[in-house]
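Dear colleague,

Here is the structure that I promised to hand over to you. Please open it beside this message, and then read on for what was found in it.

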Amino acid sequence: MEPKKNPKADLTKKSALFLQLGLILVLFVTWQGIEWKTYDRSNIDIGQVNLDELEEEEVPITQNLNTPPPPPPPPPAPEIIDVVEDEEEVEETIIESTETNQEEEIVEVEEVEDVEEEEEIADVPFAVIENVPVFPGCEKESGNAAKKKCMSDKVKKFVNRKFNTELGSELGLSGVNRIYVRFKIDRGGNIVGVQARGPHPRLEKEAQRVVKMLPRMTPGKQRGKAVGVLYSLPIVFQVQD
């Protein structure tokens, strides 16, 4: 007996393929369901702007100021050119050659001795001088202190003898009057740079006149060299009323 079904119409041949397609479709739907995301509509920003909340900004009205342009810079001053007549003869300086030749004679130079420059010592006050100036008549005194005392005594006696003490009464002065005199005994022993300060200009001139009459002395020495010595002399006299 022959079968009634057509052998080409057998559906079991493609059952495995349909099964696989079904599994793939189910897996795809399941994956899409897992990955699906939802959002709260209240939190969604729809991008709308509320124009009512914006404050109106007041824009200041500007005024165009027609400012004139700056003045142009002044023109440069013309250069003054002095025209000098070319009449004067200019002497040309001839520079001779310093090169030597074989015909010139060679001169031997002797040794040059070094000359030590003398050290200049500033003026020294009378109180601290190493070797005091010697007043005429004090040469026999021994020691620096003795010569200082001898010189001070000689100077005071000389001034008291030469000073015009009657000048105070003529100027209407009274009582004790002091004149401060300052001078220098230079390296040659001469009296120079006499300055005086007193109660009256005429007394100052009289003190300067008397001090300039002091005799020449033996100059003072510092470190073995003659130096200027500064000397201060107070002159005190009393006007008899």
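**A charge over a ring**

The charged end of Lys148 sits over the ring of Phe126, at 5.8 Å from the ring's centre; a charge counts as sitting over a ring if NZ of Lys or CZ of Arg is within 6 Å of the ring centre and within 35 degrees of the ring normal. Please keep in mind that this is a predicted model, in which local features need pLDDT of at least 70 and side-chain atom pairs count only at pLDDT 80 or more, whereas totals for chains, interfaces and linings use all residues. Residues are numbered from 1 along each chain as its sequence is written, and side-chain values use heavy atoms, with hydrogens and water left out.

**Aromatic pairs**

A pair of aromatic rings is described by the distance of the centres and the angle of the planes. Rings of Phe, Tyr and Trp (its six-membered ring) pair if their centres lie within 6.5 Å, and planes under 30 degrees apart count as stacked, over 60 as edge-to-face and the rest as tilted. By this rule there are three aromatic pairs. One of them is the tilted pair of Phe28 and Trp31, with 6.2 Å centre to centre and 40° between the planes. Both residues lie in helix α1, three residues apart, which is about one turn of the helix; helices (H or I, at least four residues) and strands (E, at least two) are DSSP runs, numbered from the N terminus. Phe28 counts as partly exposed because its relative accessibility is 48%, given that buried means under 20% relative accessible area, exposed over 50%, and partly exposed in between (1.4 Å probe, protein chains only). Trp31 is partly exposed as well, with a relative accessible area of 48%.

Phe126 and Tyr231 form an edge-to-face pair, with 4.8 Å centre to centre and 65° between the planes. This pair links distant parts of the chain, since Phe126 is in the loop between β1 (124–125) and α2 (144–162), while Tyr231, 105 residues apart from it, is in strand β6 (residues 229–239). Phe126 and Tyr231 are both buried, and together with Phe183 they form one aromatic cluster.

**The sheet**

Four strands make an open sheet in the order β1-β6-β2-β3, with mixed pairing, where two strands pair if DSSP finds at least two bridges between them. Its edge strands, each pairing on one side only, are β1 and β3 (191–197). Between β1 and β6 the pairing is parallel, over two bridges, and Val124 has Val229 in β6 as its bridge partner.
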